[in-house]
Amino acid sequence: MSDILGSLINLDLMARYGPRFLDGVLVTLQLVGISFILGGLLAVPVALARLSKNSVPRALAYSYVYFFRGTPLLAQVFLVYYGAGQLRDAFEAVGLWTLFRDAWFCALLTFTLNTAAYQAEILRGGIRAVPGGQREAAFALGLPRWLTFGKVVLPQALVTALRPLGNELILMIKASAIVSLITIYDVMGVTRLAFSRSFDFQVYLWAAALYLILVEGVRRLWAVAERRLTRHLKPA
Amino acid sequence: MSYYLDLLSFGPDGWGDELAQGALVTIALAVLTLPFGLMLGLLVALGQRSANRLARNAAIAFTTVFRGLPELLTLFIVYYGGQLLLQKLASVVGYGAQVQVNSFLAGFVALGLVLAAFSSEVWVGALNAIPNGQREAARALGLSARLSFRLVVLPQLVRVALPGLGNNWLVLLKDTSLVSTIALADLMRQTNIAVGSTKEPLFFYLVACLVYLFFSMLSGGALGWLEARTSRGQARRPA
């Protein structure tokens, strides 16, 4: 049995790099998890600005979303990571240089800004899908505007947004592979390291299997969460 | 200000011509990949709806894998894996020299596979949106299965699928930046080289972003025109 396995999988290589791959999975999940949540928080004011009656915040939010959705994430990551180096003096003057010299922080910042733009568009769609009667009813009950938004509009908007948000999370996991290009050892980073040392192509296939498991796992977890969060909408 | 204008000038001192060449490579790669990916995607979509179980399972496996893998990983697998495969084939026929995979071709294949996987979902949705009565009517008029697909289903399919396919195109355009990692001299790689030589990352990456943004804008305009054109036979709904 171990002979058959050994002919398919380089067990020595697995023993040497296996633990590193697990670390890589943790790095990928942390990066995506934190930036997805922070991006979600940032998406709410951006979506509201997109829907604002005032044309100034509307234009600002539109430009923000258009820039981050219209340019490659790779270019954005390079812009922040290498661009920060050019602004070193300015960052040192305000004491932020320790943050910006760190590739991890730059990746986290770029991913947060990027996903916030996508999530804001999803949220905007969700908010617009809430019938106006809901808002009017809350108003008639004497709820202040912020409470109407927090307790009546946002929860219903999130139900509509749940499925596209799940897709966005999966896209983020896949897109996170590019942080390996700025010296971060996520799954892809560990794979590139292992390949550059062993020249054994199968590490790329291990990475493929890991990403498929990650994506499929997240997809199923999200589906369970979605079923649970929308169980009040299902006919009995 | 003139310093930055000089950086973008054409000629030996500026990077304008290098960046323009890179932009052309980016566009060429995206434009050539588009028909390949869309056709393969349509085939996969037809496979998913096929009565043949084998074809159905193969189509589902294809979309699951290429939608689930990071585009960068797909690119590396095609590039390095293709190299390995060609090397083996070459040694079988007794050709011992080093074989190099063309990075444009690797980008074309990898991005095409990804585009096929994502566009197949759009095609499936569009195929489902066309009422069966259309096919039945075409058959009742005596059109063969192939003709009724080409003359009746396909023209409607394009109209229904266009918005989704337009999104696929915009994603493809941005994904081409990944080929810079396998040494293809696209816009991103030329920008990297310019940054390495001038130490002006902020300026050059911003310029690259603006060029991508410009392409996105052009595409948006073209897609709007195409959508209007393909649906000109549709009666406008009363407002």
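Contact is taken here to mean heavy atoms within 4.5 Å. The model is predicted, so local features need pLDDT of at least 70 and side-chain atom pairs count only at pLDDT 80 or more, whereas totals for chains, interfaces and linings use all residues. Residues are numbered from 1 along each chain as its sequence is written, chains are lettered from A and ligands numbered from 1 in the order in which they are written, and side-chain values use heavy atoms, with hydrogens and water left out.

A:Thr191 illustrates the packing of chain A. Beyond its neighbours within four places in sequence, A:Thr191 is in contact with A:Phe21, A:Val203, A:Tyr204 and A:Ala207. The residue sits in helix H10 (residues 187-198) of chain A. Helices (H or I, at least four residues) and strands (E, at least two) are DSSP runs, numbered from the N terminus. A:Thr191 counts as buried, at 0% relative accessibility. Buried means under 20% relative accessible area, exposed means over 50%, and partly exposed lies in between (1.4 Å probe, protein chains only).

A:Leu31 lies in helix H2 of chain A. A:Leu31 is also buried, with a relative accessible area of 0%. With neighbours within four places in sequence left aside, its contacts are A:Trp104, A:Ala107, A:Leu108, A:Phe111, A:Ser176 and A:Val179. A:Leu31 and A:Phe111 are 80 residues apart along the chain, yet 8.4 Å separates their C-alpha atoms.

In chain B, B:Thr33 belongs to helix H2 (residues 16-48). B:Thr33 counts as buried at 0% relative accessibility. Residues up to four places away in sequence aside, B:Thr33 touches B:Phe108, B:Leu111, B:Gly112, B:Leu115 and B:Leu172.

Residues 24-49 of chain A are 100% helix and 0% strand, with end C-alpha atoms 37 Å apart. Residues 169-191 of chain A are 52% helix and 0% strand, and their end C-alpha atoms lie 22 Å apart. Residues 25-222 of chain A are 84% helix and 0% strand, with 18 Å between the end C-alpha atoms.

Two loop residues of chain A stand out in their backbone angles. A:Thr183 is not a glycine, yet has a positive phi of about 70°. The residue lies in the loop between helix H9 (145-175) and H10, and is exposed, with a relative accessible area of 54%. A:Phe199, also not a glycine, has a positive phi of about 55°. A:Phe199 lies in the loop between H10 and helix H11 (202-229), and is exposed at a relative accessible area of 63%.

The interface of the two chains was examined next. In chain A, 31 residues are in contact with 35 residues of chain B. The two chains bury about 2900 Å² between them, 79% of it on carbon and sulfur atoms. Buried area is the accessible area (1.4 Å probe) that two parts lose on being put together, summed over both. A:Gln86, A:Lys174 and A:Phe201 supply 21% of the area that chain A buries against chain B, more than any other three residues. The interface holds one salt bridge, a term for a side-chain nitrogen of Lys or Arg within 4 Å of a carboxyl oxygen of Asp or Glu. A salt bridge joins the side chains of B:Glu71 and A:Lys174 (3.2 Å, N to O).

Over all chains, the count of salt bridges comes to seven. One of them pairs A:Glu121 with A:Arg50 (3.0 Å, N to O). This pair links distant parts of the chain, 71 residues apart: A:Glu121 is in helix H7 (residues 103-129) and A:Arg50 in helix H2 of chain A. A:Glu121 counts as buried at 15% relative accessibility, as does A:Arg50 at 13%. A:Glu121 also meets A:Arg124 in a salt bridge (3.1 Å, N to O). A:Glu121 and A:Arg124 are separated by about one helical turn, because they are three residues apart in helix H7 of chain A.
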